[in-house]
Amino acid sequence: MAPFRSSVARLLRRPGSAPAPDATVSTPPPLVGFVVHGAGGVHPASAHIRVTGRMSALAATGAAIVAQVDPVRWADGSDTAHIDVLLVQRDAFPLASVDAALERAAREGTRIVAEIDDDFFSDDARARLARAEYAPDRLESVQRIVRAADVVVTSTEPLGAVLRAEGLDVVVVPNAVQPGMWGDGPVRPDPDGPRRVLYMGSATHGGDLDLLRPVFDGFVDATGRPVRLEVIGVTDADDQWFDRLPLPEGGTHYPEFVSFLRANASRWSAGVAPLTADPFNDAKSDLKFLEYAMLGLPFVGSDRPSYAGVDAHGGLLAGDGVDPWRRALLTAFAESDERVALAQEYVRAERSIGAETAWRAALGV
């Protein structure tokens, strides 16, 4: 494990320097740098959820100074700051700069922490990521950083098991949300027109969407009102069996995305999260349950390991097939208020972003 050495501490202890006086010398807090996609506070959702929110909470404790780092400038030495801890999320470090960065980290005693929340290692998972959005150099960057890291932070125990099988030191920090970004209480869906159900997600979920096609084919609620699926993201394809709600310009910036969801929340009567049965999905987190809950929507998800336990907190789990999904959705419509209240109570109490103990332990601060 790499030692922590701030530039001030090194200056005080350099060979030949005068001994410190008897009075206690205050040691400055460590400098924790982070490398994520985006800049100026504008980042992908994963960076806000997994890194920047927690970094802000850490800085607020005074236990560390935090700063976003330009990976190329730090690797080539034009950024001369000594960093005690450098957290790198996913593939945010350009592959061409990885070797130089790792050499500098070893030379200066910088602790490298890799942060990932998807399986980038198993063959099936890498093939799925490559089909969806990851070029070969992005996947290679993740591999290089993760294998060289002092510790890897990830979001679920199944994903932790995948990484430990690769011989890596892993700390599991479950996903959490920032309550101040969200609303309070259940939404009141529009009474007119079809009853809508929200499914939002990244391009890696196109195959999961297909699970819902027969569920929504001719589906009506208990009053005979048609039920339609409305999709945000998930797939580039269009089809007649679901509707698409496009994001406005800038909507991929997570705070703007959340604001967009809140402005449209009254469109929906529930949020869904289908998952096919495969190892890549089984390593995913229950983030959609947290987000739907804080949006004020009852949750229905596939009965897969990713969502194990959410039924104890107001969520509904559905096995594969039309009837289980329809029963769960009809229950969500009928019991929306109590299920949302139970879910929000849990999220606020146990799944809210802060300077979590496990997170700080992984950073070493």
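1. Burial. Of the 365 residues in this protein, 50% are buried. Buried means under 20% relative accessible area, exposed means over 50%, and partly exposed lies in between, with a 1.4 Å probe and protein chains only. The model is predicted: local features need pLDDT of at least 70, side-chain atom pairs count only at pLDDT 80 or more, and totals for chains, interfaces and linings use all residues. Residues are numbered from 1 along each chain as its sequence is written, and side-chain values use heavy atoms, without hydrogens and water.

2. Overall make-up. The protein has 15 helices and twelve strands. Both are DSSP runs, numbered from the N terminus: helices are H or I with at least four residues, strands are E with at least two. Take contacts (heavy atoms within 4.5 Å) between residues at least 6 apart in sequence. Of these, 74% join residues at least 24 apart.

3. Strand 7. How many of the seven residues of strand 7 are buried? Six are, so strand 7 (residues 195-201) is largely enclosed by the rest of the structure. Strand 7 pairs with strand 8 (residues 227-233) in the parallel sense, over seven bridges. Pairing requires that DSSP finds at least two bridges between the strands. Glycine 201 has glycine 233 in strand 8 as its bridge partner. Strand 7 also pairs with strand 10 (residues 268-273), again in the parallel sense, over three bridges.

4. Helix 13. This helix covers residues 322-334. Its 13 residues, at 1.5 Å a residue, should span 18 Å. The rule is 1.5 Å times one less than the number of residues. The end C-alpha atoms are 18 Å apart, which agrees.

5. Trp325, Ala328, Leu329, Ala332 and Phe333 are its buried residues. They cover an arc of only 140 degrees around the axis, so they sit on the same side of helix 13. The arc is taken from the directions from the helix axis to the C-beta atoms. Asp323, Arg327 and Ala334 are exposed, on the face turned away from the buried side.

6. Serine 285. Find it in the loop between helix 11 (279-282) and helix 12 (287-295). Its relative accessibility is 15%, so serine 285 counts as buried. Its side chain makes a polar contact of 2.7 Å with the side chain of asparagine 175. A polar contact is a pair of N or O atoms within 3.5 Å; within protein, one must be able to donate a hydrogen and the other to accept it, and residues adjacent in sequence count only if both atoms are side-chain atoms. A polar atom of the serine 285 side chain also lies 3.2 Å from the backbone nitrogen of leucine 287.
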